[in-house]
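Good morning, colleagues. Please look at the display.

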Amino acid sequence: MTEEIKLFTRDELKCRNSREDAILIIHNGVYDVTKFLDEHPGGEEVLLEMAGQDATEPFEDVSHSSDARSLMKKYKIGELVEADRTQSKTAFSPQWNNDQQQEQGNSWSSWLLPLLLGVAATVLYRFLFL
């Protein structure tokens, strides 16, 4: 059994902008962040300022982590009707992940170039000034 996605219009969401009923639109998805207000690391004011509106641009401007993007799923209650959707600047939201390990194969190159430049400078200094 698949769960049907609830559809909302922008007009019906405009009035849902209080501490008791805070809704955000992000990438055409509708999120009820009322229970998240006290937990939001940036403070509840940030969410309440955009409540009842499209918060996609401010959300992306902050460059939320992949953990924050995963947490959003918990608060999604639906999507905008087709007529009220906006076209995203990018076809998909970027997946920022700071948890990836650095490539081990390139670790030697991070110190090799400075070492070679140091040796070359030393040889050049001794040749010209000593």
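This is a predicted model, and the structure holds two aromatic pairs. In one of them, the rings of Phe 36 and Tyr 75 have centres 5.3 Å apart; their planes meet at 45°, so the pair counts as tilted. Where do Phe 36 and Tyr 75 lie in the chain? Phe 36 is in the loop between strand S4 (29-32) and helix H2 (44-50), while Tyr 75 is in the loop between helix H4 (66-72) and strand S5 (76-80). The pair thus links distant parts of the chain, 39 residues apart. Phe 36 and Tyr 75 are both buried.

The other pair is Tyr 125 with Phe 129, whose ring centres lie 5.4 Å apart; with planes at 40°, this pair is tilted. Tyr 125 and Phe 129 are four residues apart in helix H5, and therefore about one helical turn separates them. Tyr 125 is partly exposed, at 49% relative accessible area, and Phe 129 is exposed, at 59%.

Tyr 125 and Phe 129 also belong to a nonpolar surface patch, together with Leu 124, Phe 127, Leu 128 and Leu 130. The accessible area of the patch is about 780 Å². Phe 127 lies in helix H5, which spans residues 109-129. Its relative accessibility is 68%, so Phe 127 counts as exposed.

Finally, the sheet. Five strands make up an open, mixed sheet in the order S1-S5-S4-S3-S2. At its edges are strand S1 (7-8) and strand S2 (17-18), each pairing on one side only. S2 runs antiparallel to strand S3 (residues 21-26), joined by two bridges; Asn 17 has Ala 22 in S3 as its bridge partner.

Thank you for your attention.

Notes:
Residues are numbered from 1 along each chain as its sequence is written. This is a predicted model: local features need pLDDT of at least 70, side-chain atom pairs count only at pLDDT 80 or more; totals for chains, interfaces and linings use all residues. Side-chain values use heavy atoms; hydrogens and water are left out. Patches are made of residues with over 30% relative accessible area and no salt bridge: like charges are joined within 9 Å, nonpolar side chains (Val, Leu, Ile, Met, Phe, Trp, Tyr) within 5 Å. Accessible areas come from the Shrake-Rupley method with a 1.4 Å probe; for residues, only the protein chains shown count as cover. A salt bridge is a side-chain nitrogen of Lys or Arg within 4 Å of a carboxyl oxygen of Asp or Glu. Buried means under 20% relative accessible area, exposed over 50%, partly exposed in between (1.4 Å probe, protein chains only). Two strands pair if DSSP finds at least two bridges between them. Rings of Phe, Tyr and Trp (its six-membered ring) pair if their centres lie within 6.5 Å; planes under 30 degrees apart count as stacked, over 60 as edge-to-face and the rest as tilted.
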